Amino acid sequence: MKSHPSVFRDESKLDINYIPSRLPHREKERRLLTEFFSFLLKIPDKMAQRVIVTGEIGTGKTALCQRFGSDITVEARRRGINLEYVHVNCREYRGKLFLILQHALTVLKPTFPRRGYAAEEVLKILLQNLDEENAYMILALDEFDSLIEAEGSDAVYNLTRLQEMRQNKPQRISLLGIMRNLDSTKRLDESTKSTLQRTVVRLERYGKTQLADILNERVALAFEPFTVPEDVVSLTADLAQDESGNARFGIELLWRAGKYSDAEDSDKVLPEHVRKAVSSIIPTLSKSELDDLNFHEQLFLLGAAEVFLETSEAYTTLSEIEKAYAVASEEFGEKPVSHTQLWKYLQTLSVLGILKTEVTGEGARGRSTLVYLPSVSAAELVKALRELLRKEER
Amino acid sequence: MHMELEDVFSSKPRMKILKLVARLGELNISDISRRIGLNFSTTSRHLQLLEAEGILQQRTYGRIRMYRFSQVSAKSKVVKELVEVWEASNKKELAGIGREKK
């Protein structure tokens, strides 16, 4: 039983799913979104909107959209308009349109049977439901890029041109696409792209002061008074800024630092707790461990990390890494080493615990070795290795 | 030709269906039959009867047929209310017994 009081007042306010009522430094964008969708509160059946929100990780895209969604739903209800804001993370549904739409449908009709319908069929049912209930929907598609990747132009085109299939019927579904940048929209055909990109809200990275403001707001909500000194917030903001201005990272650091503080029965969260928190998030892998690898081992690891980053797969094969390694070697002006040598590198990295291997059962082509990255973020690894390789290149 | 009140309500499966639909809102036949533990065709027969009496209403979404309380009939309104009041009162009674035991 813990006798020492906790530094937390309500740690759920640091949870990734918590949406604060105020969004420091995003009020302008929040007003902008409200403006874009204001017709929904005035002439809901006459218009449907398509807006894209872009911004790097931790720039508040999801929080902004969910806050906006919650506010507009309340306002619509107050005005007697039946409006649903449905937030779907496309990646959770492997970017499959029929699964995404099915999720949206079950928000309206929780008992609707889940079967393998075609996307068009689910869309039709969804619209039928909205028509019958005289309801409207803002469908927020988070990680929209994974839908584009999985389904390509046609699906997105159909989504953006819903009304053309429903002449003279009320407009029911507005779209809010959320993505890191517009790169993946390059894969769309011109007309879909132009329809989608007409209205884009771009969230810039937070600076140090903005991060400190955000963290201070959360501290006031989540921690007991006077338990988080100003320098701790400042240090956390610095670290979050180093992580490309990632507010989410800073908030998680605060939570972890609070946990370290509680574990040590401390009255306050100290900078040392933040430092411990950082090493618990980023590394399992120290810079010196990477330093100790030779140039080609580093290139090989970079190739592996690039593969994991690009494919988002948990496992890959040596031959895939070999291809990426060849590209990395070329980039750094090195002649690639032989396959046998790469196999040895894999063994070394596996012994060090940086990469891990798993041998699959007998297949048609015999046994094969799968490689995975156990506990380090691929993006972090790519970043660290690139810095190191550039330094050594000089 | 409509059935007598006692004939409609004398069936245990029909009462189970009404309780289920009152609780969950709108369900398809397979879901109802699974939840009340009866086969598809028997469940379907009961549902048709309740629909013919104007208590339930069927809606079709593509290949899916879903049943819910009829939105237009007065009968449906009172039956739904009866089931809801009955269930809520039983729940209260159960909670009371739980408190006494503590």
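Biologist: In what order do the strands of the open three-stranded sheet of chain A stand?
Modeller: This is a predicted model: local features need pLDDT of at least 70, side-chain atom pairs count only at pLDDT 80 or more, and totals for chains, interfaces and linings use all residues. Residues are numbered from 1 along each chain as its sequence is written, while chains are lettered from A and ligands numbered from 1 in the order in which they are written. Strands are DSSP E runs of at least two residues, helices H or I runs of at least four, both numbered from the N terminus, and two strands pair if DSSP finds at least two bridges between them. Pairing here is antiparallel, and the order is β6-β8-β7.

Biologist: Which strands of chain A stand at the edges?
Modeller: An edge strand has a single partner, so one side of it lacks a neighbour in the sheet. In chain A that applies to β6 (315-317) and β7 (356-359).

Biologist: At what angle does α14(A) run to β6(A)?
Modeller: Helix α14(A), residues 318-331, lies across β6 and β8 of chain A. Angles run from 0 to 180 degrees between N-to-C directions, along axes fitted to C-alpha atoms (for helices, over the stretch in contact). For α14(A) and β6(A) the value is about 75°.

Biologist: Are α9(A) and α10(A) parallel, antiparallel, perpendicular or oblique to each other?
Modeller: α9(A) (230-242) and α10(A) (247-263) pack at about 140°, axes 8 Å apart. Under 35 degrees is roughly parallel, over 145 roughly antiparallel, 65 to 115 roughly perpendicular, and the rest oblique. The two helices are therefore oblique.

Biologist: How many nonpolar residues does the contact of α9(A) with α10(A) have?
Modeller: The contact includes A:L239 of α9(A) and A:F249 of α10(A). Two residues are in contact if their C-beta atoms, placed from the backbone, lie within 7 Å. Nonpolar means Ala, Val, Leu, Ile, Met, Phe, Trp, Tyr, Cys and Pro; charged means Asp, Glu, Lys and Arg; the others, Gly among them, are polar. With two polar and no charged residues, the nonpolar count is seven.

Biologist: How many residues of chain A are in contact with chain B?
Modeller: Chain B brings ten residues to the contact. The side of chain A has seven.

Biologist: What ipTM does the predictor give the complex?
Modeller: Chain B averages a pLDDT of 90, on the predictor's per-residue confidence scale from 0 to 100. The complex has a pTM of 0.70 and an ipTM of 0.73.
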